[in-house]
Amino acid sequence: MYDTRIFYQDTDAGGVVYYADYFKFFEKSWYEWLASIGIVLDEWEKRNIFVMVKEANADLLSAVRLGQTIHVRTTVQDVGRASFLLVHTIHCEERLTTRGRTQMVCVDGQGKLKGLPAEFRQALLNQLSKE
């Protein structure tokens, strides 16, 4: 969904991407991916519909280093009544370096679980059928 160069701020003292930064890359990717399919979170929040991360994991397959450029891609794997599962891949120089998953849930302004609105859910389901 997007490309980025690895900056000093993304790395540990050895010049390797710090593990927690992968979750930042995933978040930037899923935010852009949702917008690309017509789910603009800022607009939904005005309607008291919020999404939040329930669970996230990353499988670091190969090191990514300072100065390299990565390509982060997000797709949807599953859509439930009030949640959806996103999967992420990171490639560096055409080599798969990282896989991840983010379980998202829909909540209201007080953090109470809420069903995905029909339009929101349908946009996700439309992408599921394309994958």
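Predicted model: local features only at pLDDT ≥ 70, side-chain atom pairs only at ≥ 80, totals over all residues.
Is Asn48 buried, partly exposed or exposed?

**The whole chain**

Start with the cartoon view. Trace them from the N terminus and the order reads β-α-α-β-β-β-β-α. The radius of gyration is 16 Å, close to the 14 Å that the globule rule gives for 131 residues, so the chain is as compact as a globular protein of that length. Switch to the C-alpha trace, and its principal axes span about 45 × 30 × 20 Å.

Now colour by burial: 40% of the 131 residues are buried. With the surface on, the accessible area comes to about 7500 Å², and carbon and sulfur atoms account for 49% of that.

**Stop one: Thr4**

Go to strand β1, residues 2-5, and select Thr4. Thr4 counts as buried, because its relative accessible area of 18% falls under the 20% cut-off. What does Thr4 touch, leaving aside residues up to four places away in sequence? Show Phe25, Gln68, Thr69 and Ile70 to see those partners.

**Stop two: Asn48**

Back to our opening residue. Asn48 sits in the loop between α2 (41-45) and β2. Its relative accessibility is 32%, which makes Asn48 partly exposed. Check the backbone while you're there: phi of Asn48 is near 65°, a positive value in a residue other than glycine. Most residues other than glycine have a negative phi.

Follow strand β2 (residues 50-60) along to Leu60. Leu60 counts as partly exposed, at 42% relative accessibility.

**Stop four: Glu94**

Last, jump to the loop between β4 (83-92) and β5 (95-107), where you'll find Glu94. Is Glu94 buried or exposed? Exposed, because its relative accessibility is 81%, over the 50% cut-off.

How values were computed:
Residues numbered from 1 in each chain as written. Heavy atoms only, no water. Helix = DSSP H or I, 4+ residues; strand = E, 2+ residues; numbered from the N terminus. Buried < 20%, exposed > 50% of the residue type's maximum accessible area, 1.4 Å probe, protein only. Rg over C-alpha atoms; globule rule 2.2 N^0.38 Å. Areas by Shrake-Rupley, 256 points an atom, 1.4 Å probe, with all protein chains shown as cover. Contact = heavy atoms within 4.5 Å.
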